Amino acid sequence: MIPLKVWEVLNSGLPVYLRTAVHPTVDWLKEKGISFTSFDHHYQRAATFEEVYGQIAREVLTVAERGSVVYAVPGHPMVAEDSVKLVLELAEQAGVTTELVPAMSFLDALTATLGLDPCKGLHIVDALRLDEQQPSTKVGTVVTQVYDRLTAGETKLSLMEYYPDEHIVTVVRGAGIPGEERLERVPLYELDRLTWIDHLTSLYLEPVEDTAMEEDFAPIAVGAGVDTTYQSAYPLDPLVEVMAALRAPNGCPWDREQNHESLKPYLIEEAYEVIDALDQGEMYKICEELGDLLLQIVFHAQIASENGHFDMNDVVDAITEKMLRRHPHVFGTTQVANSQEVLINWDKIKSQEQGEGNAPKHYLANIPKALPALLRAEKVQAKVARIGFDWPDYTGALAKVQEELQEVLAALAAGKNTAVKEEIGDLLFAVVNLARLLQIQSEDALAKTIDKFIQRFQYIEEQAQKQGKQLSELTLEQMDIWWEEAKGNFTLEK
């Protein structure tokens, strides 16, 4: 798709300089005998794109002072090519003559791939400038330079200020490149989950059907209830004020309807999404999910504030004071030998905080009943271990697992269903204890095993599809064969 005029310039014998050699066309240029010099080394040395483009433009002008040169960029030189603009500006200042040769841009390929007519309305924004460029929900919007998953995550968060979370985004990679073009439609909130996003990726968002939605998703401006001009007493103040605006009489109807009880499922859900992000180990995802969890905390604090109980500042004050009180070995004169003594001191201080006049509580009373059973069992065992009620090492716990298994078998042989349930509970409790003594988190271990099971069963599904069969049509023997194959082919990621 290189225009004839461009091809003639590249073959003119003049020195050719490429902004980057990281592009599918470059290998073909090499095959055709085109010699060139790449400026990719600037990307490794500079801290920002602005620095990269500035260095490239100055180097182009330096070599141009010795004679005519060709500076070539991917696509059209005036579409999302800041380095070209800098070259033209420097050339004008230096009195250097330039000739701009147009070529097909990625927008040409994108509109062809998506079947779009730009004359019917098309808005174009740069993913790296969404803080100053705003998408238009009234017409189709193209977002350029979504060059990696981190950028996709940041882009998603910016776009969710204007579009519903479920709004469908068309993600296009390598538009117009034979064999490399890829297109997928996903909800906006799933944008950064695509693993194949790279420097050839752009987005297309269709108009929001109800244009009134543009107002609903417009960001809160300074003067609309959020003051960003002062130094916050707490860094959470801007978020607290956003939540207050959402709960105000003219705020969001859904947010205004919520109460402590209705928000409980969301608090649990967001906490588990943080755990999932931690398991994935992707920092930008962890940051995003921690923000979602923090929002739930701010939500509850706002409701409490409206009822005259406490506000977010009280929450921060209380936990700060608690951390100071419960760490006298850091903020006081107490001496501790190890982390075990830290935990024992923690329990003592916690008991003192409850007051002498309060009715005495059982040692395990403060472990929440709402915890998942595996996690609750681990916390119970860990707490009694602090006062010495524990096995010396894992061998005693292992023997207990074997003992409980035998009791399960005995209950099964006796046909006592109630006893079987109780004995299986004892067995699970013993397994959790064994895992704890081996410094393995039972909840985490089981979650990974579930993931492994799902991965292997997906292999069975794929094999069935290849043979044109439904899962219900398979024999147990056939599924067992594929299951063993899956065990050999896949290993669970750490």
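User: What is the relative accessible area of phenylalanine 49?

Analyst: The model is predicted: local features need pLDDT of at least 70, side-chain atom pairs count only at pLDDT 80 or more, and totals for chains, interfaces and linings use all residues. Numbering starts from 1 along each chain as its sequence is written, and side-chain values use heavy atoms, without hydrogens and water. A residue is buried under 20% relative accessible area, exposed over 50% and partly exposed in between (1.4 Å probe, protein chains only). Phenylalanine 49 counts as partly exposed, with a value of 27%.

User: At what angle do helices H4 and H5 pack, and how are they oriented to each other?

Analyst: Helices (H or I, at least four residues) and strands (E, at least two) are DSSP runs numbered from the N terminus; axes are lines fitted to C-alpha atoms, for helices over the stretch in contact, and angles run from 0 to 180 degrees between N-to-C directions. Angles under 35 degrees are roughly parallel, over 145 roughly antiparallel, 65 to 115 roughly perpendicular, and the rest oblique. H4 (residues 49-64) and H5 (residues 82-94) have axes 9 Å apart and pack at about 45°. That angle makes H4, relative to H5, oblique.

User: Which residues of H5 does H4 meet?

Analyst: Contact means heavy atoms within 4.5 Å. On the H4 side, the residues are Tyr53, Gly54, Ala57, Arg58, Val60 and Leu61. Their partners in H5 are Asp82, Ser83, Leu86, Val87, Leu90, Ala91 and Ala94.

User: How many nonpolar, polar and charged residues does the contact of H4 with H5 have?

Analyst: Ala, Val, Leu, Ile, Met, Phe, Trp, Tyr, Cys and Pro count as nonpolar, Asp, Glu, Lys and Arg as charged, and the others, Gly among them, as polar. By these classes, the contact of H4 with H5 has nine nonpolar, two polar and two charged residues.

User: What is the angle between the ring planes of tryptophan 7 and tryptophan 28?

Analyst: Rings of Phe, Tyr and Trp (its six-membered ring) pair if their centres lie within 6.5 Å; planes under 30 degrees apart are stacked, over 60 edge-to-face, and the rest tilted. The structure holds 10 aromatic pairs. Tryptophan 7 and tryptophan 28 form a tilted pair, with centres 5.3 Å apart and planes at 45°.

User: How many residues apart in sequence are the parts tied together by tryptophan 7 and tryptophan 28?

Analyst: Tryptophan 7 is partly exposed at 25%, and tryptophan 28 is partly exposed at 36%. Tryptophan 7 belongs to helix H1 (residues 4-10) and tryptophan 28 to helix H2 (residues 24-31), so the parts that the pair ties together are separated in sequence by 21 residues.

User: How many residues apart in sequence are the parts tied together by phenylalanine 49 and tyrosine 147?

Analyst: These two form an edge-to-face pair, 5.6 Å centre to centre with 85° between the planes. Phenylalanine 49 is in helix H4 and tyrosine 147 in the loop between strand S5 (140-144) and helix H7 (149-159), so the pair ties together parts whose separation is 98 residues.

User: Which residues does leucine 114 touch, not counting those up to four places away in sequence?

Analyst: Leucine 114 is in helix H6 (residues 106-114) and is partly exposed at 21% relative accessibility. With that sequence limit applied, leucine 114 touches Thr170, Val172, Leu183 and Tyr204.
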